[in-house]
Amino acid sequence: GAEELQLLERLLGLPGGNKYGVQGERKVPVLQSNSGPGLTGLMTIAAHLVRQARREQLLGSTAEEKAVVQQWLEYRVTRVNGGSSKEDTRTVLKDLNIYLEDKVYLAGNTFTLADILMYYGLHHIMVDLTVQEKEKYLNVSRWFNHIQHYPGVRQHLSNVVFIKNRLYTNAH
Amino acid sequence: MGFGDLKSAAGLRVLNDFLADKSYIEGYVPSQADIAVFEAIAGPPPADLFHALRWYNHIKSYEKQKASLPGVKKALGKYGPADVEDTTGAATDSKDDDDIDLFGSDDEEESEEAKKLREERLAQYESKKSKKPAVVAKSSILLDVKPWDDETDMAKLEECVRSIQADGLVWGSSKLVPVGYGIKKLQIQCVVEDDKVGTDMLEERITAFEDYVQSMDVAAFNKI
């Protein structure tokens, strides 16, 4: 939550210095403010930071794109959380794999906040996948590998390795 | 390198395979490499080649910026999977083509001779392709060959191992690694074509030299 927002700040080139806290059992991030109650929620704070950095294109350009970005931000917050079960994780990967079959980025052809937050959210899952699983969710792997190479995104997170020659599948 | 003839179904299949785990032809951003390949394709790939189609639609969205994408356009034969034969000839792709319309058909410009050359090469490619798979699966294997004792003539042992010949087997470098009590094992590298040579066959033939070889193990096995 909070760590992710700091990574996002750096990616956006913001000066930093924001203070984050967490709230409640679900550890919802809070952006503290000197002049008021502050902002709550990963999606909300992330979108706020994007606007602060004047990178609104990251929220989508057309109405449709904006909606798709929102959709994935919501997905991230509701379905991709630290406490997911193995089965939930598998469902998420399966959904994503189908969705990404004909898309380079989550919003289609442009890099958006959806890709960023889904990348951060999925990192700990992708790190633990076996070679076979990475091949099974081939489209997710392709997308993840692409995003982690996008300038400024990965930062100090570990590089997830995807081998070049596919071992298991010849049929797609 | 190269994809074969991108105007044929076979070439598109190679492209599709190549793009299954990549967003772009080269690297992680759109570049002239993508434009070069894009312009070599007659139109959107069929729906069943969905990786190629995904890539095609994505690159098409960069149509307006194509001149400003990074990189330098190279001949098509320089892109693509490393072990596909480069069959692109002068006929298909030596255009300086920033001026050419992305969607323009180039059939009118192809002379009779160039066309014939292309058909010939296509036939050649197809026939070669039918004889062996487009991607030859190879592996690099490191073998440990152990002698009976420290008195075994390791030079002779190595000679015996290297005398094993087979189609799809190429011996590489070797070294002697001490394992204790003065005994040394021979560690030797080889590259095999997976379809033709397996570790079982290697083991059988190596351990056949009973006078010298006590046993053989696979120390490392890597797909190339």
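Predicted model: local features only at pLDDT ≥ 70, side-chain atom pairs only at ≥ 80, totals over all residues.

Trainee: Start with the layout. What makes up the secondary structure of chain A?

Mentor: Chain A has 7 helices and 3 strands, in the order α-β-β-β-α-α-α-α-α-α from the N terminus. Chain B has 7 helices and 4 strands, and its order is α-α-α-α-α-β-α-β-β-α-β.

Trainee: And how much of each chain counts as buried?

Mentor: Buried residues are 45% of the 172 in chain A and 42% of the 224 in chain B. The accessible surface is about 9,200 Å² for chain A, 49% of it belonging to carbon and sulfur atoms. For chain B it comes to about 12,200 Å², with 50% from carbon and sulfur.

Trainee: Next, the rings. How many aromatic pairs are there over all chains?

Mentor: A search of the whole structure gives 11.

Trainee: What makes the pair of A:Phe111 and A:Tyr150 stacked?

Mentor: The ring centres are 3.7 Å apart, and a pair needs them within 6.5 Å. The planes meet at 15°, and stacked requires under 30 degrees. Both tests are passed, so the pair is stacked.

Trainee: Why do you say that this pair ties parts of chain A together?

Mentor: Look at where the two residues sit: A:Phe111 is in the loop between α4 (86-99) and α5, and A:Tyr150 is in the segment after α7 (138-148). They are 39 residues apart in sequence, so the pair ties those parts together.

Trainee: Buried or partly exposed: which label does each of the two get?

Mentor: One of each. A:Phe111 has a relative accessible area of 10%; the cut-off for buried is under 20%, so A:Phe111 is buried. A:Tyr150 comes out at 25%, which is between 20% and 50%, so A:Tyr150 counts as partly exposed.

Trainee: Which residues do ring pairs link into a cluster?

Mentor: The members are A:Tyr119, A:Tyr120, A:Trp143, A:Phe144 and A:Phe162.

Trainee: What makes a charge count as sitting over the ring of A:Tyr99?

Mentor: The charged end of A:Lys103 is 4.0 Å from the ring centre, and the limit is 6 Å, together with an angle within 35 degrees of the ring normal. Chain B has a case as well: B:Lys22 sits over the ring of B:Phe18, 4.2 Å from its centre.

Trainee: Which residues have the most contacts inside the largest nonpolar core?

Mentor: A:Leu122, B:Leu15, B:Ile25 and B:Trp55, in a core of 77 residues. Helix α5 (residues 113-127) of chain A gives the largest share, 10 residues. Apart from this core there is another one of 18 residues, including B:Leu157 and B:Val192.

Trainee: What does B:Trp55 touch, beyond its neighbours within four places in sequence?

Mentor: Among its contacts are B:Leu15, B:Ile25, B:Phe38 and B:Ile41. Contact here means heavy atoms within 4.5 Å.

Trainee: Last one: how do you put a size on the interface of chain B and chain A?

Mentor: The size of an interface is often given as the accessible area lost when the parts come together. Here chain B and chain A bury about 1,700 Å² between them, 55% of it on carbon and sulfur atoms. On the chain B side, B:Asp21, B:Tyr28 and B:Arg54 lose the most area, together 36% of what that side buries. Counted by contacts, 18 residues of chain B meet 20 residues of chain A.

Methods
Residues numbered from 1 in each chain as written. Chains lettered and ligands numbered in written order. Heavy atoms only, no water. Buried < 20%, exposed > 50% of the residue type's maximum accessible area, 1.4 Å probe, protein only. Areas by Shrake-Rupley, 256 points an atom, 1.4 Å probe, with all protein chains shown as cover. Core = buried A, V, L, I, M, F, W, Y, C linked by side-chain atoms within 4.5 Å. Phe/Tyr/Trp six-rings, centres within 6.5 Å; stacked < 30°, edge-to-face > 60°. Buried area = accessible area lost by both parts, 1.4 Å probe.
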